[in-house]
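Hi,

Here is the structure I promised to pass on.

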Amino acid sequence: MAISIPDSITIEHPGGRIEGKVSLNRSKSISNRVLIIRALANETFPIEHLSDSDDTQTLLKLLSQVQHGTVLDAHHAGTTYRFLCAWLCTQPGTQILTGSFRMKERPIKALVDALRSIGAQIHYLEKEGFPPLQIGPPPVEWKSSLTLPASISSQYISALMMIAPVLSHGLEIRLEGVPVSIPYISMTSALMHYFGIRVHWEESTIKIEKGAYQSIPFTVEADWSAASYYYSIAALADDAHIYVDGLKAESTQGDSKVVDLMRNFGLETIHTQSGILIEKRGSANDFFQYDFLYQPDLAQTFAVLCGGLGVRGQFTGLQTLRIKETDRIHALQMELSKVGVQLEKMPLSPDDEEDKEYYSVGGKAQKNGEVHIETYHDHRMAMAFAPLAVKFPLGIDHPAVVSKSYPGFWEDLLSLGFRIR
């Protein structure tokens with residue numbers, strides 16, 4: 001069922017058991033990586049169930065448009081921008097890579113510095129360290145090693161890993177410190193291995209030899225990040241029995257960790273041949289504590305869920321949230337406060353690590369008049385807050401933002417008995 005999405009909607013649920021089946025959108029993270037790998041391979045290959053998210057469709061379109069002197073606009077798509085930046089450095093001719101106003105506020109310097117250090121020709125066209133970029137043709141000879149702070153975005157590391165096999169001598173990436181979002185680096189490694197490239201990763205060194213990607217048909221699995229919103233709905237409901245199609249128990253996606261984390265909220269997961277069944281079998285614990293360093297895209301889901309149930313939460317590993325589609329920590333603080341929930345930075349104790357930030361979630365969400373959640377051009381703000389409609393009617397402003405990763409989200413909620421007006 002297709003619905004027209006206005007600038008603001010109100011979503012509610014009549015109550016009672018929530019039951020139904022959802023066929024999730026396919027993984028944006030996997031889709032984008034496989035598209036870059038296909039663009040680097042000598043021959044094309046079919047990709048089944050490619051994500052229909054804005055980010056993936058933008059990448060698919062831009063890869064087909066590359067010609068000398070082309071201006072490529074990645075709009076809001078951060079992953080698309082970063083992967084294209086590295087890929088364009090391997091292509092002949094000169095292109096300009098730009099994006100939306102928000103994209104021009106998102107730093108790209110760490111990736112540009114890394115690419116320049118191995119021979120890429122990249123120039124800033126406006127503000128130093130930020131898009132847009134002018135990217136020239138590759139060098140005659142690429143350098144074969146570089147050193148990066150491990151704290152940079154895993155998307156930068158993945159972008160460098162994927163182009164490594166087509167460089168003159170491959171690439172050795174040395175990471176200084178503790179990497180963030182390790183599961184996304186592991187995902188990239190696993191996909192490269194599927195297409196015939198061996199990735200040697202020992203401790204802080206990733207080594208990839210020169211080679212050729214094999215052209216092998218590929219099927220994209222469903223998105224575990226998106227599944228988290230249905231877990232949240234089930235946890236907030238009095239009773240729930242939700243089947244989610246397209247997910248695998250053995251997944252390359254780090255956000256599959258949601259299965260274990262949601263046991264803290266009384267939910268059990270039954271794996272089937274083609275997906276999962278989410279069932280509510282108990283009550284939530286009074287306290288939830290987790291380090292989201294490896295699953296930052298789940299943080300908003302759990303912050304809202306804790307607030308919805310009145311569960312006291314303590315979160316760490318949120319440092320990358322400030323440079324996403326919006327400053328997600330600020331956005332959560334502003335919108336949770338509308339329903340009486342506080343997300344507060346906690347003072348460090350003498351035993352804490354200096355670079356570690358702690359945030360607490362306190363209070364229980366309550367309807368205080370007419371509540372409208374602003375989404376800040378961030379798809380995950382819309383989807384993380386939507387489950388609160390199990391408890392009370394909730395306004396969502398600019399709901400069409402979900403198209404960035406999950407265009408059919410609102411239609412799928414309708415299939416579970418939600419009402420949207």
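How many disulfides does the count come to? Zero, going by the rule that a disulfide is a pair of cysteine sulfur atoms within 2.5 Å. In general terms, a disulfide is a covalent bond between the sulfur atoms of two cysteines. Take Cys85: the closest cysteine sulfur to its own is in Cys89, 5.1 Å away, which is too far for a bond.

Before the rest, a word on the source: this is a predicted model, where local features need pLDDT of at least 70 and side-chain atom pairs count only at pLDDT 80 or more, while totals for chains, interfaces and linings use all residues. Residues are numbered from 1 along each chain as its sequence is written, and side-chain values use heavy atoms, with hydrogens and water left out.

Back to the cysteines. Cys85 is buried, at a relative accessible area of 0%, and Cys306 is buried with a value of 0% too. (Buried means under 20% relative accessible area, exposed over 50%, and partly exposed in between, using a 1.4 Å probe and protein chains only.) Cys85 is one of the buried residues of H3, along with others including Arg82, Trp87 and Leu88. Helices here are DSSP runs of H or I with at least four residues, and strands are runs of E with at least two, numbered from the N terminus.

Next, the nonpolar cores, meaning sets of buried Ala, Val, Leu, Ile, Met, Phe, Trp, Tyr and Cys residues joined through side-chain atoms within 4.5 Å. The largest has 75 residues, and Tyr230 and Phe302 have the most contacts inside it. Helix H7 (residues 224–236) gives the most to this core, with 10 residues. Another core, of 65 residues, lies apart from it and has Tyr81, Ala86, Trp142 and Phe195 among its members.

Phe302 is worth a click. If you leave aside neighbours within four places in sequence, Phe302 is in contact (heavy atoms within 4.5 Å) with Val258, Leu261, Met262, Phe265, Phe288, Phe292 and Phe315. On the same terms, Gly362 is in contact with Gly340, Val341 and Gln342. Gly362 sits in strand S19 (residues 358–362) and counts as partly exposed at 23% relative accessibility.

Now for some backbone details:

- Pro131 and Pro132 are joined by a cis peptide bond, with omega about 5 degrees. Pro132 is in the loop between strand S6 (122–124) and strand S7 (133–135).
- His49 is not a glycine, yet its phi is positive, near 60 degrees. His49 lies in the loop between strand S3 (47–48) and helix H2 (54–63), and is partly exposed at 44%.
- His377, also not a glycine, has a positive phi of about 60 degrees. You'll find His377 in the loop between strand S20 (372–373) and helix H11 (379–385), where His377 is exposed at 57%.

And which residues are closest to the centre of the second largest pocket? That pocket holds about 190 Å³ of space. Of its 14 lining residues, the closest to the centre are Asp54, His76, Val401, Ser403 and Lys404. (On a 1 Å grid over the protein atoms alone, a pocket is an open set of points where a 1.4 Å probe fits, with protein on both sides within 12 Å along at least five of seven lines; lining residues have an atom within 4 Å of a point.)

Cheers

Note on methods
Grid points are joined across faces, edges and corners, and a volume is the space filled by probe spheres set on the points.
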